[in-house]
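Hi everyone, thanks for making time.

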Protein chains: 4
Amino acid sequence: MSESKDLHGNAPDKSDVALLLIDIISDFEFEDGEKLFKYALPMARKLADLKKKAKRAGVPVIYVNDNFGKWQSNFRFLLDHALDKKVRGSKIAELLKFDESDYFVLKPKHSGFYSTTLEVLLEHPESKTLILTGVTADICILFTANDAYLRDYNLVVPSDCVAAVEKKENGHALKYIERVLKADTRPSSKINFNKLKKDK
Amino acid sequence: MSESKDLHGNAPDKSDVALLLIDIISDFEFEDGEKLFKYALPMARKLADLKKKAKRAGVPVIYVNDNFGKWQSNFRFLLDHALDKKVRGSKIAELLKFDESDYFVLKPKHSGFYSTTLEVLLEHPESKTLILTGVTADICILFTANDAYLRDYNLVVPSDCVAAVEKKENGHALKYIERVLKADTRPSSKINFNKLKKDK
Amino acid sequence: MSESKDLHGNAPDKSDVALLLIDIISDFEFEDGEKLFKYALPMARKLADLKKKAKRAGVPVIYVNDNFGKWQSNFRFLLDHALDKKVRGSKIAELLKFDESDYFVLKPKHSGFYSTTLEVLLEHPESKTLILTGVTADICILFTANDAYLRDYNLVVPSDCVAAVEKKENGHALKYIERVLKADTRPSSKINFNKLKKDK
Amino acid sequence: MSESKDLHGNAPDKSDVALLLIDIISDFEFEDGEKLFKYALPMARKLADLKKKAKRAGVPVIYVNDNFGKWQSNFRFLLDHALDKKVRGSKIAELLKFDESDYFVLKPKHSGFYSTTLEVLLEHPESKTLILTGVTADICILFTANDAYLRDYNLVVPSDCVAAVEKKENGHALKYIERVLKADTRPSSKINFNKLKKDK
């Protein structure tokens, strides 16, 4: 029933770069959630700016997120839950509001590439460079970055757009990503989307 | 951020068998949609009975479906669109109404296993036998059946619970699935869930 | 330890087209081996010509083959066993002798793409078109063709360069591959490598 | 052509545990090869003892190794090259000699699971626990460990059976593997195969 052209029609247009927001949509009401939130909130403010710049530059924005409810690929439920003012994460979900021109991929495990549609989705914009942002630097970002590196993507992981429960682990993860995965970790304010497009 | 236990908590309970409904949620308003619908409607009636029996037997029911809108893992949009009385497929979507205890996996291509969460989702019930149903027998069912066979599942493909645009191709596909993939193709009325559980 | 450039250095050069020989290296000493051999031998003669043309055109030739011995990725053992004059398959192994400029991928199951290195290997020549040949048309060729189609390759399956145990199943498989996977099934003598390169 | 039973026949027997030797077969004649070799040689001595204990306990031993020559799945070539007394790595290749009852998987990239047969091979012994050893702790071991963790394996990474170019990075990697992937990193002398089998 599925024609490749169907997917093509619904996938991002050509873009050398794609921006991924990892595990941003969350209630932050888990163990260590408060600790993580302390770093995640200022990070989310930077990321909100970066997302705006990305949209202006025509760069597709893809939310890659854990699924918390029953496995029903129902991201609306996730969004509504995280936007509920009673949960800690609502401030972040508000800052980084999903809009209808964004994309959404649910992931069942730590890596955005493992048992998800991300790889097929990224074929359509033919992006060569992925900007990875979100939480946590040392787990879901690192797993996703490793998998992206195996697939020959150029990586940008802006140091002020990722966070972890422990500041020290955030730093270790960034250093690893820079040293081993050859990622560019300059802060978000230094990212020039037009240059990234040309550099591919 | 994702703990395996999160997924576990939200995935189906142990069950030797799982029932998959492939590409059932659709408006059937595509080329050949009318031709397919002629066979799909009576098939859907049989399948509605089979689904009821499965639920009574505690067998998880998983909708594995093409994504028609923008890639946003938004199955609610799919359901609402297919349930709209103005589209041909609404009768089938009504007969096979998704309920909150069912599971949903969006697929971007023909096989339910390709770039989807199906494989990880099926690890949790530890099912050894998959019952494949839906449309079309010669494309998405066959692709999914091949991929299931590669992964060592026992296959049941009830001959009255699949349909294709051409009756002849439906027959060829069923014969292939029986001969090469060693599937049981007995009609749905002959399926005994308790026996399937014991036979595993 | 592995640098991507290592693999790059050892993989095929850029080529729009790649020629795959599937399960050609075999003793043909299995059930139905004699029946299959009757069709496989004349097929192998055509395929030997096609391979020569491919080499002249600079098209990489990749043997994708079942592993018969212990899982040790030891293709030499396979080759030596199949070349042994005491086994039926030696005539075919001789006609389609592996040479040092060819590539070899061992597969554990029916599809050349399932749990193998084929997908990564094909990234390097950046081939868009795969010519699939070998045995059997209705099993390993069909499984591999389906998986190639999911990955958006253009397919060429020359009707005289595949064989099956049953002539009828060979015909059905070719028709399926043509109708559903949009493959070009013209006989090998009509394949023009220069044109395939331009048509990509 | 490939029957699942064929693979079964050639894959390891049931074993709750499997021992993986990662990138051990190498000439160590690359940049930083001398630095790595300094740590890798004493590590290889410990690993040789561990391998002996594993064999006595009936635990399958799987070499998971980069491919250096042309992509021809030809592990004999690798072995012969690494055993050549003129190359630095020959001492290690000698200590950890591959024998006919071991298994071999060639990997094209950093993770042993990426585009290889490892996942399918491990289905046969139904191992739940993987002991990861070899080089380098912070790259191929870490990538493989992450991928094993995604697949729900219990991990054992004996601290004296891995090595890296930089001692500090070796330590960081071990800590990460312990903290995030919940691996047991006790030294090899403390590994009790019988207990590992019961603990599964």
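How are helix 6 of chain D and helix 7 of chain D oriented to each other? Let me get some housekeeping done before I answer. What you see is a predicted model, where local features need pLDDT of at least 70 and side-chain atom pairs count only at pLDDT 80 or more, while totals for chains, interfaces and linings use all residues. Residues are numbered from 1 along each chain as its sequence is written, chains are lettered from A and ligands numbered from 1 in the order in which they are written, and side-chain values use heavy atoms, with hydrogens and water left out.

Okay, back to chain D. Helices (H or I, at least four residues) and strands (E, at least two) are DSSP runs, numbered from the N terminus. Helix 6 of chain D covers residues 137-150 and helix 7 of chain D covers residues 167-179; their axes come within 9 Å and cross at roughly 10°. Axes here are lines fitted to C-alpha atoms, for helices over the stretch in contact, and angles run from 0 to 180 degrees between N-to-C directions. So helix 6 of chain D and helix 7 of chain D are roughly parallel to each other. The labels go like this: under 35 degrees is roughly parallel, over 145 roughly antiparallel, 65 to 115 roughly perpendicular, and the rest oblique.

Who makes that contact, meaning heavy atoms within 4.5 Å? From helix 6 of chain D we have A137(D), D138(D), I141(D), L142(D), A145(D) and N146(D), and from helix 7 of chain D we have E169(D), N170(D), A173(D), Y176(D) and I177(D). By class, the contact of helix 6 of chain D with helix 7 of chain D splits into seven nonpolar, two polar and two charged residues. For those classes, Ala, Val, Leu, Ile, Met, Phe, Trp, Tyr, Cys and Pro count as nonpolar, Asp, Glu, Lys and Arg as charged, and the others, Gly among them, as polar.

Now hop over to chain B. The axes of helix 6 of chain B (residues 137-150) and helix 7 of chain B (residues 167-179) come within 9 Å, crossing at roughly 10°. That pair is therefore roughly parallel too.

On to the strands, staying with chain D for a moment. Strand 1 of chain D, residues 17-22, has six of its six residues buried. Buried means under 20% relative accessible area, exposed means over 50%, and partly exposed is in between, with a 1.4 Å probe and protein chains only. In a regular strand, side chains alternate between the two faces of the sheet. Here V17(D), L19(D) and L21(D) point one way, A18(D), L20(D) and I22(D) point the other way, and all are buried.

What does strand 1 of chain D pair with? Two strands pair if DSSP finds at least two bridges between them. Six bridges link strand 1 of chain D to strand 4 of chain D (residues 129-135), running parallel, with L21(D) opposite T133(D). Four bridges link strand 1 of chain D to strand 2 of chain D (residues 61-66), also parallel, and there L21(D) stands opposite Y63(D). With helix 2 of chain D (residues 33-56), strands 1 and 2 of chain D make a right-handed β-α-β unit. Right-handed means that, with the strands pointing away from the viewer, the path from the first strand over the helix to the second runs clockwise.

Let's look at chain A next. Strand 2 of chain A (residues 61-66) is covered on both faces: V61(A), Y63(A) and N65(A) on one side, I62(A), V64(A) and D66(A) on the other, all buried. Four bridges join strand 2 of chain A to strand 1 of chain A (residues 17-22) in parallel, and I22(A) sits opposite V64(A). V64(A) also stands opposite V105(A) in strand 3 of chain A; strands 2 and 3 of chain A pair in the parallel sense over five bridges.

Last stop, two single residues. E119(D) touches F113(D) and R151(D), leaving aside residues up to four places away in sequence. N67(B), in the loop between strand 2 (61-66) and helix 3 (75-83) of chain B, counts as buried at 9% relative accessibility.

Definitions and conventions
Contact = heavy atoms within 4.5 Å.
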